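The following report describes one model, beginning with a single loop residue and then turning to the sheet and the helices.

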Amino acid sequence: MAPRGVAQFGRALALGASGRRFESCLLDYAVIIMHEIPFIVKEDFLDEGEFSQVVEETETLLDSFIEVEFSRPATKDGVILKHSSGMMYDDYYNGLSKELSPTVKIFHKKIFDNFLYSEFDQIGTLCHNLNWTSMMISYYENDDYYKPHFDASFITGLYWFDIRPQRKFAGGELYLYNGTKFMQPDAAIPFQPVNNRFVAFPSCYLHEVKPIVLSERFKGQGYGRFCITMFCGHGS
Ligand SMILES: [Fe+2]
């Protein structure tokens, strides 16, 4: 089934090619019978200049990454569902990330200046007044994961990128389920964490990060899975 432009929603199975920087990524789409999930996919999301700024800032922040508790991750029965490292941009910049972080500024511009979320089918108009955001960066190495959970925001945006020229990890797919806390899922859409790919979906849908596989010899060198998350919502 041919994709409808760059904004995709519902009834599609997205299978991405492994990422190579700035090369277009092929998507194969197939119709599957399931509850519809609104989502948006953007390939080659950042241009070369923006990408370089994000990588440069990430290299700077990398030594300050801390273990999973930084992000106040989802829990179930008191058990933390996530294992990775990273940081909240506002924690690092003392609440001034929108002024001081090149990455935060770039993402705000890409998403809000261009009304990106108005491309959501059915819920696009509900995104017009989004006025609250929080951004974090996560880093997954060997066996890191995030089990099925949902987020407290209205829209979750995820951006995957590599800071090393050659990707060394496998796995780390995002599974977006067609269910919520109150609706049992019966199918999921798997997204490969392709370099320079952005995906957004309503935060109430269950989603999961499958374990990352990375050889021991590449551990601790930035060869794992980087993901920038932008949570958006309606503040008071
Ligand atoms: Fe999440």
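## A loop residue and its surroundings

Leaving aside residues up to four places away in sequence, A74 touches L81, K82 and H149, a contact being two C-beta atoms, placed from the backbone, within 7 Å. This is a predicted model, in which local features need pLDDT of at least 70 and side-chain atom pairs count only at pLDDT 80 or more, while totals for chains, interfaces and linings use all residues. Residues are numbered from 1 along each chain as its sequence is written.

A74 lies in the loop between β4 and β5 (75-76), strands being DSSP runs of E of at least two residues and helices runs of H or I of at least four, numbered from the N terminus. With 16 other C-beta atoms within 10 Å, A74 is partly exposed, a class between buried (20 or more) and exposed (12 or fewer).

Seven strands form an open sheet with antiparallel pairing in the order β3-β15-β11-β18-β9-β8-β4, where pairing requires at least two DSSP bridges. Because β3 (40-42) and β4 (66-67) each have a single partner strand, one side of each is left without a neighbour in the sheet. Strands β9 (residues 132-140) and β18 (residues 225-233) pair in the antiparallel sense over 9 bridges, and W132 stands opposite G233 in β18.

## Helix packing

E50, Q53, V54 and E57 in α1 meet P102, T103 and I106 in α4.
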